[in-house]
Each structure stands twice: as structure tokens, then as C-alpha cells.
Amino acid sequence: MSAVLLVPLLPLLTALIVVAGPDNTRYQRAKIAAWPIGAAFCGAIVTLYVVATQGPITIRFYDPSSLASIGFPIGFHIDRLSAVMMVLISAVGTIIYTYSVGYMYQDQHESRYLALIGFTTFVLLCMVSSSNLMMLFIFWQLLSYLLYVLAHNHAHAATLEGAFRTFTLLRVGDVAFLSGIVLAHSLYGTLEYQALFARAAGTSIVLSPLPGIEISGPTAVTLLLFIGGMSKSAQFPIHVWLPRSLYAPTPVHALLHAGIINAGGFLINRLAPLFGLSSTTLHVAFVVGTMTAILGASMMLAQNDIKKTLGFSTIGQMGYMIMECGLGAFSLAVFHLIAHGLFKATVFLNCGNVIHKARQEPHFPHVDHQEEEGSFSRLTWSTGFVTTLFIPLLILLVTHGVLHIPLLESQGTVIFLFFIWITSSQAILTLTRLRAVASWKVSAAMLLTLLFIVFVYLFAVESFTAFLYPDPQEVASYFKAAALANWLFDLIILLATVLTIASWSYLYMRAHGRTVWMPAWIEGLRIRLYVLFMNRLFADEIYQTLGRIVTRLLDRFDKSAQGWSR
Amino acid sequence: MMEGALVPLLLAGIPLLGAASSVLVWSRPEHLKNWSVIFSVASLAAAIGWSGYLATPPEGLLLVYLLPVAACASLLGQPVHQNHRPSWMLTLVFLGLGLGILTSQNLLGQIGQMLLLILTAVLLYRHHTPLWPISWLGIGAYGLAAMCVAVSIVAGPPPLSSVMSLLACAILLPLVPFHEGYITALTRLPGSLPSFIVLLFPSIGLHGLASGMQTVPDSVAWTVTLLALAGTLYGAGKALAQSRARLLLSFGSLSLYSMLWWVAAMTHATPPRATIFVGAIGLITSGLLLAWQVIRTRYGDDVDPQSISGLAATMPRYAVLLSLLALAAMGLPPFGLFAGFMGLLLASAVPFSLSILIMVTAWLAASWYIMGMVQQWLFGAKRHDLRYTDLLHSELAALMILVAVLLALGMMPATFFGPDAMATATGAFTGLFAWNK
């Protein structure tokens with residue numbers, strides 16, 4: 001079983017091979033070093049199989065009863081969640097490393113970047129397989145520093161400034177995380193996952209930080225830990241570091257957006273039994289995630305730079321993932337982060353090719369000046385209507401009537417169905433914007449898309465959830481903990497549905513050249529919102545102003561205390 | 001068989017003998033530096049070899065081993081120049097007195113402490129420059145500390161003697177508002193002394209604290225708690241506002257040492273892993289002072305830190321070691337400060353409160369001022385008017401020793417360093433939650 005340790009260690013070997021050796025063998029070493037990281041991927045797959053068939057693997061190099069006396073408690077607990085994450089990280093790490101060998105060829109900082117990619121993969125693998133909260137925190141912090149190192153170019157002032165801000169903002173999250181750990185240890189006397197979950201579930205502790213304010217132990221701990229997760233997953237309002245890390249090489253972006261940024265979602269899943277004890281934290285996560293998803297997506301639409309657009313897209317997706325956690329759909333969040341990770345890695349790696357081609361060929365990418373199809377197609381419209389509204393309704397009836405799932409009492413099922421509907425409809429809307437909209441092929445594609453999405457979600461709901469959380473009672477308990485008040489839940493679903501349908505109608509009509517009448521105040525508001533989102537809600541400026549105020553206050557304090565202190 | 005009482009004298013005697021015999025090679029600075037290094041290494045060997053004969057002090061023997069290491073690194077990190085000769089000799093004198101104080105259990109240790117404080121005050125009186133003018137407050141602080149030690153000797157039983165002893169500790173292991181001596185010593189003393197005393201003085205302070213904190217009245221402990229919290233924030237705030245490296249490091253370490261005071265005052269005892277915490281802060285600050293010395297050696301004593309940039313590309317060995325020291329200073333794993341800080345927070349029987357949030361915030365501030373300083377030096381555009389020379393062998397050795405020891409402090413099990421480090425698994429469900437209703 002201890003062979004499983006090779007999985008995190010092999011990427012470290014990659015980093016060492018890249019770093020150690022004469023300069024004239026740099027490229028050869030870089031190519032050789034791809035083998036260990038590839039082997040780590042194979043090892044992760046084997047680990048996943050072993051864990052799935054034989055149960056979790058636990059290896060500890062310390063005495064769990066005296067965790068506080070150990071500065072560096074090294075231990076590994078690999079369950080299904082860890083194994084899935086290990087496969088994802090090692091796969092993305094291998095692809096990005098292999099790509100980078102060619103991409104960074106003859107670059108001045110080639111060795112440093114390749115070694116850092118290997119080391120970051122090692123840190124990520126250790127983080128997801130850690131056996132206790134302390135070890136997770138140790139690698140969590142190292143990740144903060146690695147992000148700083150990865151995101152900057154030594155001699156470029158703007159990059160350095162961005163990297164510095166990235167690090168300081170991530171440290172804010174680290175501080176909250178540390179506070180959560182200290183509180184957890186203070187309340188429950190352990191940082192071992194299983195013992196911590198058991199004690200938190202078995203003990204009722206109410207804290208009163210201020211007169212008149214009461215908060216349960218699990219809520220206090222999980223809120224602090226959640227702030228830590230917010231910083232890594234770029235949740236509003238500590239999201240500003242992500243767009244600021246744009247100057248890093250493209251493969252680094254791929255690693256960042258496909259692997260590192262998922263840390264928040266992983267943290268919540270890792271500590272799911274603890275988060276499941278606090279409805280308040282889950283509701284906070286839902287609010288923060290929803291806000292981040294809406295604001296991130298809105299800001300993405302208003303950006304005019306491809307990397308910033310992708311950056312805000314990631315922020316929006318991370319918001320979506322945290323929102324899913326806030327709804328109690330933990331496994332869905334993991335499924336989402338895997339899908340998003342693979343998608344974003346592909347996009348970023350392709351982004352590099354586009355930039356290279358654009359440099360060689362000034363007219364690339366080609367601008368397509370052809371107008372979209374203006375005619376109204378009954379076939380397409382009918383298929384879209386049937387697939388987006390009629391079939392979901394049918395699914396609802398079947399679920400409710402045939403399968404006897406009490407939808408009104410199960411917010412979890414409604415959430416899954418709602419996500420199926422919104423995702424498939426989004427895909428179908430995209431299809432209607434193709435130029436050949438009147439084709440029967442498009443209609444067929446719509447139906448296939450719907451079926452594909454429904455099956456994927458069913459897989460996510462049934463298979464993946466059963467795989468990650470084999471106990472259905474546990475899954476139900478998370479949904480129950482995250483349940484909103486019925487009227488609020490219904491209102492949110494209703495509002496989201498109305499907004500979505502209104503947006504689709506508006507976009508569909510605009511795409512087909514129809515004039516859409518809007519009151520003047522809405523047009524004015526739209527322009528103001530556009531300016532606001534284009535400037536990213538002026539969050540950077542607000543942080544800069546805050547920084548300047550703090551610096552000025554500190555300088556004033558320093559001058560006033562100078563006579564005394566010197 | 002060696003007599004137990006004789007061992008502290010012998011331990012103190014080795015570096016003092018080295019200092020006394022340095023006159024033999026006084027005219028040849030390179031030989032004198034090597035001579036001093038040899039005697040500091042011999043002190044380390046003697047401390048390890050005779051550790052079985054030493055009475056273990058409450059804080060353990062770790063600091064007895066770390067002092068010769070710090071002295072050796074401080075000596076190695078200095079350039080060979082005749083102006084540095086007095087500081088090398090004084091480093092050995094301080095090392096001898098320090099080892100004597102830490103290992104003696106009787107009056108001899110207190111007399112040694114008085115001697116050390118008086119010697120420091122005299123040195124501060126003699127050493128000042130236009131850049132760092134004379135500080136009467138600093139000199140006065142060490143005079144006061146010497147007086148406190150004298151009073152504690154003659155005062156008899158507690159509480160007067162313990163309060164006097166605590167006051168002397170507050171000057172050595174800096175606590176606001178008695179930190180002036182510490183800041184002055186780190187900024188004014190010449191050559192290898194600042195990078196050594198940054199560990200020596202707090203170690204002696206911790207030694208006094210370990211034995212004195214238990215007998216301190218509650219009202220005094222409560223006052224210390226408030227001062228420590230104020231010091232944590234004050235030090236961090238001042239460090240954030242500094243542009244001069246020595247002041248930044250002095251205030252930064254003041255902020256971190258104040259955290260130890262807070263835990264000690266809260267628990268009326270030396271916290272578990274306090275030695276690792278103090279040792280790590282001392283070695284980190286020592287390393288960063290040596291790193292600053294490397295820049296001063298190349299660009300002059302009065303060089304403006306803001307004018308240095310681009311060292312990462314031109315001085316790669318220096319960049320790597322400075323980055324590792326910075327990581328340690330920011331409290332990142334796997335270095336000693338992280339382990340010590342975790343020990344303070346997790347292994348002490350201190351309930352979670354808003355004070356802990358203040359401490360954690362000060363810990364966060366270290367990431368800003370240390371990162372700001374290091375980023376300024378290492379990155380940015382390379383200046384063509386500067387001559388870049390990477391680390392010399394002795395400088396490299398000094399910084400590598402410190403980084404290696406800091407790694408060892410962070411990764412070794414706490415039990416490895418002595419009995420005091422035996423952490424108590426803090427009691428959950430033992431009624432120590434201030435917030436628990």
C-alpha cells in the first residue's frame with residue numbers, strides 16, 4: 001500500500017530532474033522528466049481502482065494522538081474523493097507539463113517554470129491526499145506561495161505587482177483557514193478528519209463571541225475555513241487576484257484554472273461531514289457562490305481581452321461550484337470542477353497556439369463578416385421549444401408521478417432537475433445561433449444534446465454521487481442541512497426561470513435581427529452596468545485605495561512614534 | 001568524572017578563551033575570523049558533548065546548541081576587514097556569557113547577565129554613526145535591565161524579585177514599551193553582533209521567563225497580556241511602515257516575540273515549543289540581517305534598500321537562500337517559525353479568543369513586509385550601474401547553515417528538542433472555552 005506514495009513523489013522527481021544538471025542538457029532533461037509525472041498519472045489511476053475496490057488507504061508517519069506536538073505531521077488518507085482528485089491533478093499536470101516542454105522551449109525561465117509545474121503538482125497531490133487538517137493547511141499555504149512564484153515574471157513591474165497582490169490576498173484566506181484550524185482544535189481537540197467529524201457531530205457547543213450573538217461550534221469553524229476556501233477559489237469579494245495573474249505563461253494559467261483554483265471546492269467536499277453540520281455556513285456559501293457566479297459571468301461578458309475573459313469565466317464557474325456546495329450538492333460540485341478543469345485546460349492550452357499563430361499571421365483569427373441567419377425557422381423553434389420546455393416538464397411528471405419522488409419535499413432533486421434544464425437549454429440556445437438554423441440536422445443535434453446532458457447529469461447524480469458518497473443517508477443529510485425555506489427556494493427557482501427565459505428570448509430575437517423594445521431607463525441601466533462590469537466593479541481601484549489609506553495611516557503612525565521608537 | 005557545576009564554567013570558558021587568545025592573531029583579520037569560527041564550533045561540540053552533565057533548564061537545552069550555531073553563522077557572514085575585528089572578538093565574549101547564563105543555575109548566571117547588559121550599554125554608548133545616532137533610551141534600557149537583575153538578586157522572595165526579574169526579561173526578550181534597547185542594539189551594534197544578539201538576548205529572556213513567570217502575580221500577568229497584544233500590533237504596524245532593513249527586521253521580530261509573551265502571560269508558564277519559536281525567530285532575523293549585510297558589503301553601509309533590485313537574475317545563490325529565509329520569516333512551512341507558531345496556538349492551553357485573531361493578523365502582516373522587502377531586492381529590473389557578485393563561500397555557508405537549522409526545527413518532532421517541548425494534547429471538552437456557553 002505504501003507504493004501509493006509514489007504518486008505524489010514522482011512529480012517531485014520531475015522537478016528535481018529539470019533543476020539538477022548542466023545547462024546544455026536542459027531540453028533532454030525536460031523531456032525525460034515528463035516520464036515520472038506521466039507515471040504518476042498511471043499510478044493515480046491504479047490508486048483509484050484500488051481505493052474503489054478495497055477501501056481507503058491510510059498511511060501515517062506520526063502519532064495522531066499528539067498531533068499538536070508535531071510541526072510537520074505527514075500522513076496520507078486516500079479515499080475515493082482523494083483518488084478522483086489525484087487522477088484529475090496528475091492528468092492535467094502531465095498534459096500541461098508535456099505541452100510546456102515545447103511551449104517554453106529556449107525560454108530564459110524554462111527550467112524554473114517546468115520545475116515549478118512539477119513541484120506544484122506534487123503539492124496539489126499531497127494536499128488532496130492529506131490525512132489531517134494540519135497537513136492540508138501546510139500544503140494549502142505552499143500553494144499560496146507557489147501561485148505567487150508561478151504568476152510572475154522577474155523583470156516586469158506590472159507582473160510583480162500582480163503577483164504580490166495575489167500572494168497577499170491568498171494569505172488573507174490562509175489566516176482565516178488557520179483561525180479555523182485553531183478553533184477546531186480548541187473545541188474538539190483533534191485535527192484528524194474522522195475524529196474531528198465524529199466529535200463535532202457528537203458535541204453540542206454554542207459560542208458567544210459578542211453579547212447577544214450565538215453561533216454553533218461547527219458554524220464558527222466552517223465559516224472560517226470557508227473564507228480560506230473563498231480566497232483560493234477566487235470568490236467575490238476576494239476574487240481580484242485571479243485576473244491580475246494574467247502575465248504568467250499560458251501553461252501556468254492552464255494549471256491554475258484547471259487545478260489550483262478548485263481547492264475551495266475540494267476543501268468543502270473533504271470536510272463535507274463538518275459543513276453538513278452547519279446550515280448557516282452552507283447558506284453563506286450559497287449566497288457567496290451565487291453572487292460570484294452572477295458577477296463573474298457578467299464581468300466576463302464585458303471584457304475585451306481574451307485572457308481576462310477566460311479569467312472571469314473561471315470566476316463565474318467557481319461561483320457556480322461553490323453555489324452547488326451551498327445547496328448541499330457536494331458531488332455535483334466535484335463533477336463540475338472536473339469538467340471545468342478539463343475544459344479550461346484545453347481552452348488555455350489552445351489559447352497559446354492562437355497567440356503564436358496571431359504573431360506569425362497578422363490576420364489571424366479570421367473575422368467572419370457573414371451575418372447570422374435572419375429568417376425565423378419554425379422547425380428549429382419548435383424543436384427548441386419542445387426540448388427546453390416540454391421534455392423537462394415530462395421528466396418532472398415522470399419523476400413525480402411514476403417514480404414517486406416527492407419533489408416538493410426534496411430540494412435536492414429539484415436542484416438537479418433545474419441544473420439539467422438550464423444546462424441543456426443553454427446548449428440548445430447556442431445551437432439556434434448557428435447559421436444553418438433551418439436545418440433538420442440542428443433539430444436533431446438539439447435532441448441529442450438534451451439526451452446527452454440528461455444522461456451526463458444522471459451519471460453525476462446517480463453514479464458519481466454513489467461513488468463519492470456511498471451512503472444515501474449522508475447525501476440526504478447534506479441536502480437537508482442546505483435546505484432553504486420553501487418560499488425562498490420557490491422564489492429563487494421562479495426568478496431564475498423567468499430571468500433565464502426572458503434572457504433567451506431577448507438574445508434569440510436580437511440574434512435574428514428582431515427589434516426588441518426596451519424602456520429608456522432599462523437601456524440607461526444597461527449602459528451603466530456595462531461600464532461597471534467592464535471596469536470589474538472597480539474592485540481593483542477600491543483595493544488600491546484601501547491599501548493607500550492603510551499605508552498612509554501606518555506612515556503617520558510611524559512618524560508620530562519615531563521619537564519614542566528610535 | 002566531570003563535576004556538574006564545572007561544566008557551565010567550561011562551556012563559557014571555551015569562547016571566552018577564544019576571545020582572550022584572539023590577540024595572538026589580531027593583526028591578521030582573516031586568521032582572526034577563522035579563529036573565532038573555530039572557537040564557536042568548538043563551543044557547539046562541547047555543548048553537545050557535555051549535555052549529559054548539564055542540569056536541564058526549564059526551557060530545555062535547544063538554545064544552548066543554537067547559540068554557537070548563530071555565532072558561527074554571524075561570524076562567517078561578515079566580510080574580512082580589520083574594522084570588524086572587535087565585533088568578532090565580542091561575539092565570542094557574548095557567546096561565552098550567554099552559554100554561562102543559560103547553563104548556570106545559581107548566582108553566577110545572574111552576575112553574568114549583569115555583565116552582559118552593562119557591556120551592551122557601554123557598546124551602545126561607543127557605537128553610533130550619523131545614520132544611526134546615539135540612543136539614550138536604548139542605553140538606559142540596558143542599564144535598567146542590569147539594575148533589575150541586581151535588585152532581583154538582593155530582593156529575596158517573590159513578588160518583588162520575580163517582578164524585577166520579569167522586567168529584565170522584558171528588555172531582553174522585547175516587550176513593548178521596554179523594547180527600545182532591543183531595537184537600538186540591532187541597529188547600532190557593529191559587525192557580527194546584531195545578527196548574534198538577535199538570538200542571544202531573547203534566549204536569555206526566555207530562560208528568565210521560564211523560571212519567573214509562575215511566581216508573577218495575576219495583576220502583573222494581566223498587564224503583560226495587554227502589553228503583549230499591543231506589542232504584537234505595534235511591531236507589525238511599525239515593520240509595515242519601515243523602509244530600512246534593520247528597523248523592519250527589528251520591529252518584525254518584536255511583533256513575533258510579543259506573541260510568546262502573550263501566551264506566557266495567559267498560561268503563567270512557558271508555552272510548549274517556546275524554544276523552537278524563539279530559536280526560529282532569532283535565526284530567521286539573524287539570517288535576514290546577514291543577507292542585508294551581504295548587500296552592505298557590496299554597495300556600502302549607507303545603501304538605500306529601495307535602490308537595490310534585480311538580484312534574482314544576477315545573484316542566483318543569494319536569491320535562493322534569501323527566498324528560503326523569507327519563506328521561513330513569513331511563517332510558511334516547513335520551517336521552524338511555522339512549527340513554533342503552531343505549537344503556541346495548538347499546544348498551549350489558551351482558549352480561542354479575539355486575541356488569537358489579533359496574533360494571527362500580525363502573523364499575516366509578516367507576509368506583507370517581508371515579501372515587500374524581498375521582492376524589492378530580488379526582482380525588478382537589473383541595474384547596469386550596480387556590480388553584482390554572488391555569495392562568497394563563507395557567506396554561502398553562513399546562510400546555508402541557518403536555512404538547514406530552520407528546516408530541522410520545523411520538521412523534527414518536538415520531542416527531539418527536549419522535555420519542555422513535550423506538548424500537552426490540549427483538552428477538548430475541558431471547560432477552557434472562553435466563548436462556550
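Leu537(A) is partly exposed, with 17 other C-beta atoms within 10 Å; a residue counts as buried if 20 or more other C-beta atoms lie within 10 Å of its own, as exposed if 12 or fewer do, and as partly exposed in between, with C-beta atoms placed from the backbone. This is a predicted model, in which local features need pLDDT of at least 70 and side-chain atom pairs count only at pLDDT 80 or more, while totals for chains, interfaces and linings use all residues. Residues are numbered from 1 along each chain as its sequence is written, and chains are lettered from A and ligands numbered from 1 in the order in which they are written.

Leu537(A) is not a glycine, yet has a positive phi of about 60 degrees. Its place is the loop between α22 (520-534) and α23 of chain A, where helices (H or I, at least four residues) are DSSP runs numbered from the N terminus. Ala234(A), also not a glycine, has a positive phi of about 55 degrees. Ala234(A) belongs to the loop between α9 (217-232) and α10 (241-244) of chain A, and counts as buried because 30 C-beta neighbours lie inside 10 Å. For background, most residues other than glycine have a negative phi, and most peptide bonds are trans.

Helix α23 of chain A covers residues 539-560, 22 residues in all. From first C-alpha to last, α23(A) reaches 32 Å, close to the 32 Å expected (1.5 Å times one less than the number of residues). The count of buried residues in α23(A) is zero, leaving this helix hardly covered.

One joins Val176(B) and Pro177(B), with omega about 5 degrees, and Pro177(B) sits in the loop between α7 (160-172) and α8 (180-188) of chain B. Another joins Pro333(B) and Pro334(B), also with omega about 5 degrees; Pro334(B) is in the loop between α14 (316-329) and α15 of chain B.

Helix α15 (residues 336-347) of chain B packs against helix α12 (residues 274-299) of chain B at an angle of about 150 degrees, with the axes 8 Å apart. Axes here are lines fitted to C-alpha atoms over the stretch in contact, and angles run from 0 to 180 degrees between N-to-C directions. The two helices, α12(B) and α15(B), are therefore roughly antiparallel (angles over 145 degrees; under 35 is roughly parallel, 65 to 115 roughly perpendicular and the rest oblique).
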